[in-house]
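Please have the sequence and the model open while reading.

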Amino acid sequence: MKSKMKVAVIGAGASGMVAAITAVKYGAEVTLFEKNDRVGKKILSTGNGKCNLGNLEFSVEQYYCNDREKLKGMFRVFSVWDTISFFESMGLMVRNRSGYLYPYSEQASAVLDVLRMELERKKVRVMPETEITEALFHKSKNLFEVKTSAGNAGSFQKVILACGSPASLKRGEGLTGYELAKGFGHRVGALLPGLTSLRSSDGFEKALSGVRCKAKITLVVEGEAKAAEEGEVQFTDYGISGIPVFQVSHIAAYALKDKKNVEVLVDFFPDQKEAAFAYMSRLRFGTHKEMPLENYMTGTLNKKINMVLIKQAGLKLQMKAAEAGWDKIWSLMQNSRAFVIHIKSVNPLENAQVCAGGVSFDEITLQMESRLTKGLYFAGEMVDVDGKCGGYNLQWAWSSGYIAGRNAAGSSTLEIAEGREYA
């Protein structure tokens with residue numbers, strides 16, 4: 001009888017668990033190492049505790065990486081539709097909410113539970129509270145040796161590194177996987193916060209703290225618009241947050257790393273056409289110009305925003321609009337369509353949802369195998385691929401975990417699913 005491939009999966013997060021389950025499915029004997037006392041802890045906090053599994057409106061354009069064509073090929077192997085099938089095969093009912101996929105119970109714990117139960121059913125050997133500190137490849141034996149601080153943890157024919165990243169962890173944690181990758185000669189790009197808030201020091205932060213409003217934001221780097229997003233923006237006592245901000249934070253982080261000037265322009269009236277907005281503003285001045293500015297602006301935006309706009313225009317709250325004059329009022333209204341926030345930094349990795357940067361994508365094949373060390377595979381967030389909000393990062397975890405697990409077990413994953421073409 002042919003002996004089973006012995007595979008070590010290092011890291012029992014989303015990608016590591018899928019890699020382990022898949023490797024067993026395709027005939028391998030798997031040991032799953034996890035430094036924490038239990039598997040999959042990060043899954044519990046995803047999607048605000050509801051776990052956004054994936055997105056039916058899938059597009060590789062929602063990812064940051066240096067080779068989207070290669071990424072597209074990987075998602076052909078394991079798509080969002082495969083994600084649905086994978087979880088439904090384990091008993092999880094999946095809910096579609098406007099294209100966003102969630103467990104039907106809308107509890108992230110349900111996702112973790114079915115993965116944990118599948119690990120048990122597949123007889124994966126799970127080793128919690130076991131942090132791998134070193135991994136070596138013995139060419140003469142064609143074997144990997146993995147070690148903990150206490151000594152040898154075993155020898156394996158294949159190793160999958162799925163150690164995750166420092167995102168949302170305490171400072172200094174989550175770096176083990178990168179050190180192991182460097183030990184095999186891999187390049188690790190700068191680790192920067194992704195899907196995080198932006199910090200400013202314009203002086204109005206505390207005045208706007210707590211405000212939530214629908215707005216369009218445009219990220220401007222060295223005077224050039226780089227990205228725009230629309231949705232609910234949240235103002236904090238240090239800057240701005242909310243999903244639109246998270247979506248552009250990757251670009252901001254890299255620009256700030258290169259010491260470039262970064263600004264965010266906020267349009268507080270994103271659904272107003274320019275001509276209609278100008279007409280409304282002029283009509284308002286004609287009918288309300290005898291009101292003090294504090295009252296004149298009532299009924300437009302949040303009161304805190306109005307107070308800041310009036311102050312930035314150099315006007316006083318009790319001054320009548322007529323006294324200020326149309327030109328200054330119009331300038332104030334225009335500022336509400338392009339409110340400038342100067343960005344000084346992004347929130348640190350411990351406050352970020354994902355990590356940008358990591359193990360070079362160029363040094364990994366379509367099979368998620370190392371180009372430098374045959375038999376070494378990667379999965380998940382420690383690779384230099386990160387996505388926007390909306391289930392894209394978990395989709396990468398599922399897809400990369402599946403591909404790594406299937407190939408580590410010795411089974412090719414290069415089949416292209418017919419009809420599954422992604423933009």
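## S165 and its surroundings

Leaving out residues up to four places away in sequence, S165 touches K42, G174, Y178, C355 and E381; contact means heavy atoms within 4.5 Å. One of these partners, E381, is joined to S165 by a side-chain to side-chain polar contact of 2.7 Å. A polar contact is a pair of N or O atoms within 3.5 Å; within protein, one must be able to donate a hydrogen and the other to accept it, and residues adjacent in sequence count only if both atoms are side-chain atoms.

S165 sits in the loop between β11 (158-161) and α5 (176-183). Helices (H or I, at least four residues) and strands (E, at least two) are DSSP runs, numbered from the N terminus. S165 counts as buried because its relative accessibility is 2%. Buried means under 20% relative accessible area, exposed over 50%, and partly exposed in between (1.4 Å probe, protein chains only).

## Basis of the model and overall make-up

The model is predicted: local features need pLDDT of at least 70, side-chain atom pairs count only at pLDDT 80 or more, and totals for chains, interfaces and linings use all residues. Residues are numbered from 1 along each chain as its sequence is written, and side-chain values use heavy atoms, with hydrogens and water left out.

The chain has 13 helices and 21 strands, and its C-alpha trace spans about 95 × 40 × 35 Å along the principal axes. Of the 423 residues, 53% are buried. Among contacts with a separation of 6 or more, 72% are between residues 24 or more positions apart.

Two packed helices are described by the angle between their axes and the distance between the axes. Axes are lines fitted to C-alpha atoms, for helices over the stretch in contact, and angles run from 0 to 180 degrees between N-to-C directions. Helix α1 (residues 14-25) packs on helix α4 (residues 108-121) at about 35 degrees, with the axes 10 Å apart. M17, V18, A20 and I21 of α1 meet L112, L115, E118 and L119 of α4. By class, seven of these residues are nonpolar, none polar and one charged. Ala, Val, Leu, Ile, Met, Phe, Trp, Tyr, Cys and Pro count as nonpolar, Asp, Glu, Lys and Arg as charged, and the others, Gly among them, as polar.

The axes of α1 and α13 come within 7 Å and cross at roughly 35 degrees. On the α1 side the contact is made by A14, S15, V18, A19, T22 and A23, and on the α13 side by L394, A397, W398, S400, G401, Y402, G405 and R406. This contact divides into eight nonpolar, five polar and one charged residues.

The α1 and α4 crossing is left-handed, whereas that of α1 and α13 is right-handed. A crossing is left-handed if the near helix is turned anticlockwise from the far one by less than a right angle, and right-handed if clockwise.

The axes of α2 and α13 come within 9 Å and cross at roughly 75 degrees. That angle makes α2 roughly perpendicular to α13; angles under 35 degrees count as roughly parallel, over 145 as roughly antiparallel, 65 to 115 as roughly perpendicular and the rest as oblique. L71, M74, F75 and V77 of α2 face Q395, W396, S399, Y402 and I403 of α13 in this contact.

Helix α3 (residues 80-89) has V80, D82, T83, I84, F86 and F87 as its buried residues. Their cover includes α1, β3 (54-55), α2 (68-77), β6 (100-103), α4 and α13 (392-408). At the start of α3, a side-chain oxygen of S79 comes to within 3.1 Å of the backbone nitrogen of W81. After α3 comes G91, with a positive phi near 100 degrees.

E229 belongs to strand β15. Its side chain makes a polar contact with the side chain of K388 (3.3 Å). Apart from neighbours within four places in sequence, E229 is in contact with A215, K216, I217, P244, Q247, V248 and K388.

T130 lies in the loop between β7 (125-127) and β8 (132-138) and is buried, with a relative accessible area of 14%. The T130 side chain reaches the backbone oxygen of P128 at 2.9 Å, and one of its polar atoms is 3.4 Å from the backbone oxygen of M127.
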